[in-house]
Amino acid sequence: MSELRRIAVLGGGLMGSGIVHVSIVGGYSTVCREVGNAQCERAHTAVKRSLSKAMEKGELTAEARDAALNRVSFVTDLGSAASADLIVEAIVEDLAEKKALWSAVDMLAPPATVFASNTSSLSIAAQAAATRRGDRFIGLHFFSPVPVMQLVEIVRTVTTSDSTHALAHEFVRRIGKIAIDTRDSSGFVVNRLLVPYLLDAIRAFEQGVGSVRDIDLGMTLGAGVPMGPLALCDFVGLDTLHRVAESMYSEYRDSRFAPPPLLRRMIVSGYLGRKSGNGFYRYGGNEPEPNALMG
Ligand code: CAA
Ligand code: NAD
């Protein structure tokens with residue numbers, strides 16, 4: 001098994017910036033590729049903020065934070081990301097976009113480089129088929145917020161080699177996470193169970209079962225979850241949740257995964273959750289407030 005030294009993260013949004021955080025804290029020299037300078041700047045700011053948060057919580061010293069920040073660079077050029085030993089993709093949940101990116105990276109990366117997708121629901125096999133390295137392709141599914149959530153799902157597809165699988169386990173162990181193995185089946189273990197629950201919470205609200213506040217309080221106080229389901233929808237990103245639900249519905253044709261009409265209407269109205277400042281809640285003040293426009 002080849003040794004991992006350099007990691008590249010493609011996409012520096014919610015997940016990509018979190019993966020950069022754990023990679024640089026884990027001691028890896030890391031390059032993050034975004035689509036433009038403004039997006040690079042945003043990703044850099046997110047990583048600095050997240051490292052500071054970890055420091056405030058006593059998980060990191062100031063020296064460790066500074067050393068971690070010295071290990072990362074943000075680039076727009078794909079070539080400088082392609083020379084890493086492991087490339088983790090965290091761009092938008094769209095199979096065509098992911099395949100186009102992988103096919104371009106495959107042309108630039110050395111043969112030994114291993115590719116990993118952080119997809120929530122898309123086929124690992126279909127992404128691997130866009131490259132000439134099906135044996136060096138795997139899923140590494142992180143959870144949000146990445147620095148906090150302990151789990152990574154390791155998704156082995158039909159073409160993945162034993163050495164790629166072992167390397168993925170080694171990477172997850174080195175960054176201090178706990179791995180579970182799962183098959184390349186849309187949503188893997190966690191989203192297969194979590195996504196129908198989140199969609200059901202939206203349906204319950206849509207059908208007038210309770211207000212946003214009461215549905216969320218019901219689940220936090222009555223079922224002990226750390227965050228209500230509608231707050232969690234906003235946290236994941238309503239656009240991302242919608243794409244994940246669509247892809248799971250298209251794989252299973254099971255109505256549990258069908259995106260509720262309200263979710264579509266919120267997205268076309270620009271309500272994407274925390275990332276857009278509004279969703280089931282409005283963000284911007286000290287505490288999120290249920291979005292009055294939602295009724
Ligand atoms: N390092 C870096 N960032 C941290 C951090 C740390 N140690 N601790 C918290 N944060 C970040 C959070 O991302 C959040 O970001 P903002 O600053 O942008 O608001 C903020 O700090 C909130 O932190 P708080 O201290 O206020 O909150 P907390 O520490 O009490 O817990 C939580 C927050 C960990 C998110 C908790 O509410 C929780 O566990 N929620 C459920 C999360 C969950 O279910 N995640 C899975 C989502 S599904 C998924 O990821 C898969 C998919 O494919 C869609
Ligand atoms: P996001 O919208 O926050 O970030 C996506 C980023 O990718 C954006 O900053 C965008 O500029 C960038 N991007 C788009 N095309 C690119 C390209 N060709 N090269 C480099 N960067 C590019 O989305 P996110 O929530 O971080 O989700 C990213 C991936 O992670 C998706 O596949 C999603 O399903 C998965 N995921 C999301 C969550 C979650 O809770 N949001 C959890 C686990 C996995």
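Me: Before I look at the fold, what does contact mean here?

Reply: Contact means heavy atoms within 4.5 Å. Among contacts in the protein between residues at least 6 apart in sequence, 65% join residues at least 24 apart. Keep in mind that this is a predicted model, where local features need pLDDT of at least 70 and side-chain atom pairs count only at pLDDT 80 or more. Residues are numbered from 1 along each chain as its sequence is written, and side-chain values use heavy atoms, with hydrogens and water left out.

Me: How many helices and strands does the protein have?

Reply: Helices (H or I, at least four residues) and strands (E, at least two) are DSSP runs, numbered from the N terminus. The protein has 12 helices and 10 strands.

Me: How do I read the packing of two helices?

Reply: You describe two packed helices by the angle between their axes and the distance between the axes. Axes are lines fitted to C-alpha atoms, for helices over the stretch in contact, and angles run from 0 to 180 degrees between N-to-C directions. Here, α1 (residues 14-25) packs on α2 (residues 37-56) at about 55°, with the axes 9 Å apart. That makes α1 oblique to α2 (under 35 degrees is roughly parallel, over 145 roughly antiparallel, 65 to 115 roughly perpendicular, and the rest oblique).

Me: Which residues in α1 and α2 meet?

Reply: From α1 come Ser17, Val20, His21, Ile24 and Val25, and they meet Ala43, Ala46, Val47, Ser50, Leu51 and Ala54 in α2.

Me: And how much of the protein is buried?

Reply: Buried means under 20% relative accessible area, with a 1.4 Å probe and protein chains only. Buried residues make up 48% of the 295 residues. The C-alpha trace spans about 55 × 45 × 35 Å along its principal axes.

Note on methods:
Chains are lettered from A and ligands numbered from 1 in the order in which they are written. Buried means under 20% relative accessible area, exposed over 50%, partly exposed in between (1.4 Å probe, protein chains only).
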